[in-house]
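I opened the model to look up a few things. My notes follow the order in which I checked them.

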Amino acid sequence: MIQVGIMGGTFDPIHYGHLLAAESAREACGLDEVWFIPAAVPPLKEHAPQASAEERLEMVYRAIDFQPYFRAMDIELERGGTSYTIDTVKSLRELYPGREFSFIIGSDRVNDLAEWHRIDELAELASFIAVERPGVEMDPSHLPPGVRERLKRCEMPLLGISSTDIRERRQQGRSIRFMVPDKVYQFIKRNELYGS
Ligand code: NAP
């Protein structure tokens, strides 16, 4: 079976934290590939993305350019509407047989995993890889047993970068250089995304 990690996200914008989380999961869990899948409308988020779907996808393509193990997919953007992971995993299993899927999530997401749409069914179709950042507490004890036993953990170095911080920096006219790959940086500047 080919082992595929799914790196879902709003990616508004994608940054080095996302790439390092994906690479850490790939190495620790022996994944053959990691597929980056931008959400159309992310569930459980209060605000809509600022950049358009096309812009977020384009930034993902630019970020993973030439990385042999990374792919970008527009399956959730094509589907539109709220991007429930259960729908995505079901489609991927139909479209790409012979693969096992693991959904890569950051420490904070573990804490809301129990609220995900049809989480018990999702846990039967995919496992989860929780990427632990030093100093960020994650507490899987509250998860349903079927979900908890499908949760693998791996470590990554602490990288204090967030999409929210990047957007705020742009608003304030501050630098985001070296927080995102250079091709993403150039795209954000050229298209005047997130202010200034
Ligand atoms: P995001 O903000 O773009 O982040 C994507 C992932 O990268 C998150 O797991 C995030 O973890 C992690 N990450 C971000 N910065 C990081 C850093 N510096 N170091 C390490 N990890 C970092 O995406 P999101 O909006 O949270 O969405 C995550 C995925 O979960 C999406 O595919 C979404 O559709 C899915 N989701 C599904 C449901 C559902 O099916 N009902 C509900 C919620 C989410 P942190 O959050 O810990 O930063």
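I began with overall size. A compact globule of 196 residues would have a radius of gyration near 16 Å, and the protein has 16 Å, so the two agree. That radius is taken over C-alpha atoms, and the globule rule is 2.2 Å times the number of residues to the power 0.38. The C-alpha atoms fill a box of roughly 45 × 35 × 30 Å along the principal axes.

Two notes on ground rules. This is a predicted model, where local features need pLDDT of at least 70, side-chain atom pairs count only at pLDDT 80 or more, and totals for chains, interfaces and linings use all residues. Residues are numbered from 1 along each chain as its sequence is written, and side-chain values use heavy atoms, with hydrogens and water left out.

Next, surface and contents. I find nine helices and six strands. Helices (H or I, at least four residues) and strands (E, at least two) are DSSP runs, numbered from the N terminus. Buried residues make up 46% of the 196. Buried means under 20% relative accessible area, exposed over 50%, partly exposed in between (1.4 Å probe, protein chains only). The protein exposes about 10,000 Å², and carbon and sulfur atoms supply 47% of that. Accessible areas come from the Shrake-Rupley method with a 1.4 Å probe; for residues, only the protein chains shown count as cover. Of the contacts between residues at least 6 apart in sequence, 72% join residues at least 24 apart. Contact means heavy atoms within 4.5 Å.

Then I looked at a helix pair. Helix α2 (residues 53-64) packs against helix α9 (residues 182-190) at an angle of about 150°, with the axes 8 Å apart. That angle makes α2 roughly antiparallel to α9. The cut-offs are under 35 degrees for roughly parallel, over 145 for roughly antiparallel, 65 to 115 for roughly perpendicular, and oblique for the rest. Axes are lines fitted to C-alpha atoms, for helices over the stretch in contact, and angles run from 0 to 180 degrees between N-to-C directions. On the α2 side I list E55, E58, M59, R62 and A63; they meet K183, V184, F187, I188 and R190 in α9. By class, this contact has five nonpolar, no polar and five charged residues. Ala, Val, Leu, Ile, Met, Phe, Trp, Tyr, Cys and Pro count as nonpolar, Asp, Glu, Lys and Arg as charged, and the others, Gly among them, as polar.

I checked E54, also in α2. E54 counts as exposed because its relative accessibility is 60%.

Most residues other than glycine have a negative phi, and most peptide bonds are trans. F11 has a positive phi of about 50°. F11 lies in the loop between β1 and α1, and at 1% relative accessibility it is buried. The peptide bond from D12 to P13 is cis, with omega near 5°. P13 lies in the loop between β1 and α1 (16-29).

Is F178 buried or exposed? F178 is exposed, at 70% relative accessible area. F178 has a positive phi of about 75° and lies in the loop between α8 and α9.

What does S163 touch beyond its neighbours within four places in sequence? S163 is in contact with D12, P13, H15 and H18. S163 is in helix α8 (residues 163-171) and is buried at 13% relative accessibility.

Last, the start of the chain. M1 is exposed at 66%, yet its C-alpha is 5.2 Å from that of R99, 98 residues along the chain.
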